[in-house]
Amino acid sequence: MGERSINIRLNRALGQNFLKSAKISRRIVESASLDPSLTIVEIGVGSGSLTSILLELGYTVIGFEIDTRFVEGNKRLEGEKCTFRYEDFLKADLSSLPEPAAYVANIPYYITSPIIERIMFEGPDFVKAVLMVQKEYADRLIATPRTKEYGILTVNVNTFASVSELFQVSRKEFIPQPEVDSMVIELSLLDEPPIERERRDAYRGFVRQCFSQRRKKLKNNLKGLVDSPESLLKASKIGLDARAEELDVEDFVRLFRNIYPNVV
């Protein structure tokens, strides 16, 4: 049985678009191919459709849900292998989460970027994150240089993780029906990312500066960081007329290391 059975008026302000049936939820869990010994962190539990399948397959679940109207109905799921935290995942203390864990979630569209950034850069290390997101958002994550979808998010995520699209979900599978289709994606942290963990925030700020004026040449966006952007670009083997959207991840890493060789 899917989310159709709940007796709660869905809150559009919280991005509540629930699946009509358990078919898609089961496919999400099965496509994750996770070790049953892992603890699964679920963001946006709702009425527990996805949680039920995770528990059925033997996983331990820690679920976050901001809407306390689901407390009573979800008590049936709580127990030794399932705990719910009725709070905002974006503000929650994540230090108590097991490491490594795994994430499985149908993410509210309007806070997709903050949630992924929290998972990637503020939470504990994770084995895998299998997330249902807006199709257009997934396209940004896997975008290539010189495309309009390619930007800060693409570079920052792909510097530290591998990203793959698992399967598309039609908008017709949801109530209420959103205006766009969805995509289930998989994020896996790289074993040896090119930027050390303690330098991630500095690197992310650097990438943001590079894209600060997207249509301008990169050398103009670098003026606040170095005295001679032209010399830096030459040393990094990047054309003087290049724009940030033309660089791949390796280019950004090389530039960052040339500017901040010893920054932690």
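Residues are numbered from 1 along each chain as its sequence is written, and side-chain values use heavy atoms, with hydrogens and water left out. Because the model is predicted, local features need pLDDT of at least 70 and side-chain atom pairs count only at pLDDT 80 or more, while totals for chains, interfaces and linings use all residues.

The average pLDDT (the predictor's confidence in each residue, from 0 to 100) of the protein chain is 90, and 93% of the residues score at least 70. Over residues 1–5, pLDDT stays under 50; for these residues the model has 17 contacts (heavy atoms within 4.5 Å) beyond four places in sequence.

The C-alpha atoms fill a box of roughly 65 × 35 × 30 Å along the principal axes. The radius of gyration, taken over C-alpha atoms, is judged against a globule rule of 2.2 Å times the number of residues to the power 0.38. For 264 residues a compact globule would have a value near 18 Å, and the 20 Å of the protein chain agrees. Buried residues (under 20% relative accessible area, with a 1.4 Å probe and protein chains only) make up 48% of the 264 residues. Among contacts between residues at least 6 apart in sequence, 65% join residues at least 24 apart.

The secondary structure comes to ten helices and nine strands; these are DSSP runs numbered from the N terminus, with helices (H or I) of at least four residues and strands (E) of at least two. Strand β2 (residues 39–43) is largely enclosed by the rest of the structure, because five of its five residues are buried. In a regular strand the side chains alternate between the two faces of the sheet. In β2, Thr39, Val41 and Ile43 point one way and Ile40 and Glu42 the other way.

Strands pair if DSSP finds at least two bridges between them. β2 runs parallel to strand β3 (residues 60–64), joined by five bridges, and Gly63 in β3 is the bridge partner of Glu42. Together with helix α2 (residues 49–56), β2 and β3 make a right-handed β-α-β unit: with the strands pointing away from the viewer, the path from the first strand over the helix to the second runs clockwise. β2 also pairs in the parallel sense with strand β5 (residues 101–106) over two bridges, where Val41 stands opposite Tyr103.

Elsewhere, Ser182 lies in strand β9 (residues 182–189) and counts as buried because its relative accessibility is 0%. Beyond its neighbours within four places in sequence, the contacts of Ser182 include Tyr109, Gln134 and Phe174. Gln134 is 48 residues from Ser182 in sequence, yet 4.4 Å away in space, C-alpha to C-alpha.

Methods:
Buried < 20%, exposed > 50% of the residue type's maximum accessible area, 1.4 Å probe, protein only.
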